[in-house]
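Please open the structure in a viewer and keep the selection tool at hand.

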Amino acid sequence: MEKRKKTSKSRLLKIAVCLFMVYIVYSIVMQQLEIRERKMLLESVQQQCQEQSEVNKEVERLLAMSANKDYIERIAREKLGYAYPDEKVYIDSSKN
């Protein structure tokens with residue numbers, strides 16, 4: 001009878017150890033999947049950050065140009081159709 005109790009306890013211990021090992025392996029696999037997912041998200045955010053940085057540089061360049069008097073004058077002439085008061089503007093109708 002004592003032998004039976006020992007083998008029964010030994011089997012329960014082996015089963016418990018096996019279940020614990022399965023749990024550990026499962027936990028590690030799930031963590032690895034989450035790490036991979038987070039790395040992909042991080043790469044995506046870094047790419048967006050890089051793109052936004054390039055957009056910001058372009059905006060800064062345009063702002064720096066807008067402070068230039070020649071640039072402002074050119075935009076006023078080309079986009080807005082402005083001219084100096086004593087200036088005569090000729091429009092080439094053959095372009096149409």
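Is R61 buried, partly exposed or exposed? R61 counts as partly exposed, at 40% relative accessibility; buried means under 20% relative accessible area, exposed over 50%, and partly exposed in between (1.4 Å probe, protein chains only). This is a predicted model, in which local features need pLDDT of at least 70 and side-chain atom pairs count only at pLDDT 80 or more, while totals for chains, interfaces and linings use all residues. Residues are numbered from 1 along each chain as its sequence is written, and side-chain values use heavy atoms, with hydrogens and water left out.

Next, select E58 together with R61. Their side chains form a salt bridge, 2.5 Å from N to O; the term denotes a side-chain nitrogen of Lys or Arg within 4 Å of a carboxyl oxygen of Asp or Glu. The two residues are three apart in helix α1, and therefore about one helical turn separates them. Helices (H or I, at least four residues) and strands (E, at least two) are DSSP runs, numbered from the N terminus. E58 is partly exposed, at 35%.

Then move to R38 and E34, also in helix α1 (residues 2-66). Their salt bridge has its closest N and O atoms 3.3 Å apart. R38 is exposed, at 55%, whereas E34 is partly exposed, at 42%.

Finally, select R77 and E87, whose side chains meet in a salt bridge of 2.7 Å, N to O. R77 lies in helix α2 (residues 69-78) and E87 in the segment after α2, so the pair ties together parts ten residues apart in sequence. The whole structure contains five salt bridges.
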